[in-house]
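Let's take a walk through this model together, one region at a time. Keep the 3D view open as you read.

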Amino acid sequence: MSALAAAARYTAPLGLMDALQVTILVLVAAGATGVVLVRDPARQVIALSVYGVLLAVLFLAFQAPDVTLSELTVGAVVLPILLVLTLAKVRRREE
Amino acid sequence: MTPAVRRWVFLAGVAGLAAFYLWGLTGLPRFGSYPGPYGDVINRIAVAQTNATGVVSAINFEYRGFDTIGEEFILFAAAIGTATVLRHLRGERERAARDEAMDRTVPPASEAVRMVSLLLVGPTVLVGWYLASHAQTSPSGGFQGGVVLATGFILIYLAGEFLVFKRISPVDVTDAVGAVGAGGFAAVGVTAVAMGLPYLFNFLPLGSTPGAVSSSGTIALISFLVGIEVAAAFVLIVSELLEQTLLFRQESR
């Protein structure tokens with residue numbers, strides 16, 4: 001099964017992978033810009049989480065599944081959680 | 001300096017930077033080209049040498065194991081640092097944070113969030129455990145597995161069970177687990193030295209089948225140790241931050 005999948009990957013038209021890689025590069029650039037443009041910190045954390053998912057897909061498209069797993073867990077889950085907790089703490093002090 | 005002059009200085013700087021940048025871009029190697037022999041050599045010999053089919057793990061925990069132990073202790077130091085900065089000071093007393101705006105009702109976690117979080121705890125812990133213990137066979141590893149394991153704990157908090165979260169991850173237990181993970185990694189290296197081998201040498205039997213879970217010697221062992229260290233470090237950091245958010249500390253008078 002995995003040999004079959006590997007064979008299928010290598011016989012796929014070369015342009016398809018290129019198109020995927022270019023698409024995800026553009027999406028990551030757009031996502032990063034989006035994170036910067038969102039000004040409200042709470043919304044920014046959500047945007048950052050989405051950006052983490054995009055970055056994970058980027059690493060997958062460039063054949064680095066190990067890095068995909070790290071980015072998915074740290075960039076899309078743990079970092080937003082730490083930021084949300086910090087925001088909650090800071091806002092409580094402000095009130 | 002007037003704004004106009006300042007703008008011209010800025011534009012000149014940008015033009016210079018752009019020129020150098022474009023010049024640099026024209027000299028880059030082609031996309032995807034790889035000049036060095038090191039990766040090709042590793043690709044050819046790694047599976048035969050280590051019996052690990054997850055070659056990235058073989059590099060992380062064997063060929064470049066010394067780098068990884070440094071990274072491991074970066075995370076360890078960061079977690080300890082967080083716990084130290086956010087520690088309970090003598091003379092501080094804490095109470096549950098209460099909403100200062102008395103007319104506002106704080107909505108509890110919705111039933112849907114609680115339900116989904118609790119349902120996901122089991123699968124998340126399973127996936128984390130799998131990732132941490134299968135670095136030698138497939139793309140995964142202790143770091144990824146450890147973070148996923150820690151997410152399982154965070155889900156329990158999301159389900160609205162902060163007290164359960166605190167009970168199953170008391171600071172001294174997470175500290176101890178983290179220390180066993182980090183110290184175990186170093187101990188594996190020292191054991192090799194004690195046997196008269198180079199530091200972090202793969203001294204365990206490699207098994208006969210490449211890609212079997214029981215194969216690859218110290219690679220599987222180190223990955224698992226990294227997994228529990230990373231899980232403990234992240235649970236420690238998150239629980240310290242949660243305590244900061246949910247409890248209110250003040251100087252006792």
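## Two crossing helices in chain B

Helix H2 (residues 38–50) of chain B packs against H3(B) at an angle of about 75°, and their axes lie 10 Å apart. Here, axes are lines fitted to C-alpha atoms, for helices over the stretch in contact, and angles run from 0 to 180 degrees between N-to-C directions. H2(B) is therefore roughly perpendicular to H3(B), a label for angles of 65 to 115 degrees, while those under 35 count as roughly parallel, those over 145 as roughly antiparallel and the rest as oblique. Helices (H or I, at least four residues) and strands (E, at least two) are DSSP runs, numbered from the N terminus.

Which residues meet here? From H2(B) come Ile42(B), Asn43(B), Ala46(B), Val47(B) and Thr50(B), and from H3(B) come Val55(B), Ala58(B), Ile59(B), Glu62(B) and Tyr63(B). They divide into seven nonpolar, two polar and one charged. In this scheme Ala, Val, Leu, Ile, Met, Phe, Trp, Tyr, Cys and Pro are nonpolar, Asp, Glu, Lys and Arg are charged, and the others, Gly among them, are polar.

## About the model

This is a predicted model, in which local features need pLDDT of at least 70 and side-chain atom pairs count only at pLDDT 80 or more, while totals for chains, interfaces and linings use all residues. Residues are numbered from 1 along each chain as its sequence is written, and chains are lettered from A and ligands numbered from 1 in the order in which they are written.

A residue is buried if 20 or more other C-beta atoms lie within 10 Å of its own, exposed if 12 or fewer, and partly exposed in between, with C-beta atoms placed from the backbone.

Of its 29 residues, 23 are buried, so H9(B) is largely enclosed by the rest of the structure. Leaving out residues up to four places away in sequence, Ala231(B) touches Gly128(B), Gly146(B), Leu149(B) and Ala150(B).

## Where the chains meet

At the interface, 19 residues of chain B are in contact with 16 residues of chain A; contact requires C-beta atoms, placed from the backbone, to lie within 7 Å. On the chain B side, helix H6 (142–158) and helix H9 (218–246) each supply at least two residues. That side divides into 12 nonpolar, six polar and one charged.

## Chain A

Chain A has four helices and zero strands. Buried residues make up 16% of its 95 residues. In H3(A), the buried ones are Tyr51(A), Gly52(A), Leu54(A), Leu55(A), Ala56(A), Leu58(A) and Phe59(A). After H3(A) comes Gln63(A), with a positive phi near 65°.

## A loop glycine

Gly207(B) sits in the loop between H8 and H9 of chain B. Is Gly207(B) buried or partly exposed? Gly207(B) is partly exposed, with 17 other C-beta atoms within 10 Å. Beyond its neighbours within four places in sequence, Gly207(B) contacts Asn51(B), Ala212(B), Ser214(B), Ser215(B) and Ser216(B).

Methods:
Two residues are in contact if their C-beta atoms, placed from the backbone, lie within 7 Å.
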